[in-house]
Amino acid sequence: MSDADNAVLLLVRVAVGLVMIMHGLNHWRGGGRIAGTARWFTGLGLRQGVLQAWMSVLTEVGAGLLLVLGLLTPLACAAVISVMLVAGLLAHRPNGFFVFKDGYEYVLTLAVVALALAVLGPGRWSLDHAAGVGSTGWTGGGIALAVAVVATGGLLGTFWRPEPKAATAEAAADDTPEHVDQEAR
């Protein structure tokens, strides 16, 4: 692998890693903080919103740091893919493809880039390479994809309990401008 190839892998690892770190920190310290993130996750149908919020923070920041360092790369990529699968399925899929409509375009791109990193490996400028560990090629990609699918299935099977559609329709009816104005008074 050439120096240019290694530089590109480093660039992609650091870019995706920093995106994940910033996203995790935003869930923790941004806008609504943990309480707001927990409410959002609960609104998506996930039970134990506070636990979900903290697990999201730890997963995103942890995976981001591992990617930046190039350490345990297939597992870091699995974490990114899993987070993006959950986000895509629960938050973005109903909105269609385009990110400007809050669709799944962005999360799909991050998941595919993470899978590509798992296949290509972290490159020579990584802790995986320095320690002589890690899997690349079909093995690295397979590990990342399998772990991501199992983790996503486990999370959804354990915690996802969406409200029945009738209850959702009633809640939407309660958000009419008249109802919201009365509650605000």
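1. A nonpolar core is a set of buried Ala, Val, Leu, Ile, Met, Phe, Trp, Tyr and Cys residues joined through side-chain atoms within 4.5 Å. The model discussed here is predicted. Its largest nonpolar core has 22 residues, and those with the most contacts inside it are Met20, Leu67, Cys77, Val80, Met84 and Ala144. As a general point, nonpolar side chains tend to be buried together in soluble globular proteins.

2. Five elements are listed as giving two or more residues to this core: helix H1 (3-29), helix H3 (49-69), helix H4 (73-92), helix H5 (105-120) and helix H7 (137-159). The most comes from H4, which gives 9 residues.

3. Met84 is one of the residues with the most contacts inside the core. Leaving aside residues up to four places away in sequence, Met84 touches Met20, Val107, Leu110 and Ala111. Another core lies apart from the largest one; it has 13 residues, among them Ile34, Val86, Ala91 and Leu156.

4. How do H4 and H5 pack, and at what angle? Their axes are 8 Å apart and the angle is about 160°. An angle over 145 degrees counts as roughly antiparallel, and H4 and H5 are therefore roughly antiparallel to each other. The crossing in which H4 passes H5 is left-handed.

5. The residues in contact can be named on both sides. H4 contributes Thr73, Pro74, Cys77, Val80, Ile81, Met84, Ala87, Gly88 and His92. From H5 come Val107, Leu110, Ala111, Ala114, Leu115, Leu117 and Ala118. Sorted by class, this contact has 13 nonpolar residues, 3 polar residues and no charged ones.

6. Val133 sits in the loop between helix H6 (127-131) and H7. Its relative accessibility is 42%. Along the chain, Val133 and Thr73 are 60 residues apart, while 9.6 Å separates their C-alpha atoms. Thr73 is also one of the H4 residues that meet H5.

Definitions and conventions:
Residues are numbered from 1 along each chain as its sequence is written. This is a predicted model: local features need pLDDT of at least 70, side-chain atom pairs count only at pLDDT 80 or more; totals for chains, interfaces and linings use all residues. Side-chain values use heavy atoms; hydrogens and water are left out. Buried means under 20% relative accessible area, exposed over 50%, partly exposed in between (1.4 Å probe, protein chains only). Helices (H or I, at least four residues) and strands (E, at least two) are DSSP runs, numbered from the N terminus. Contact means heavy atoms within 4.5 Å. Axes are lines fitted to C-alpha atoms, for helices over the stretch in contact, and angles run from 0 to 180 degrees between N-to-C directions. Angles under 35 degrees count as roughly parallel, over 145 as roughly antiparallel, 65 to 115 as roughly perpendicular and the rest as oblique. A crossing is left-handed if the near helix is turned anticlockwise from the far one by less than a right angle, and right-handed if clockwise. Ala, Val, Leu, Ile, Met, Phe, Trp, Tyr, Cys and Pro count as nonpolar, Asp, Glu, Lys and Arg as charged, and the others, Gly among them, as polar.
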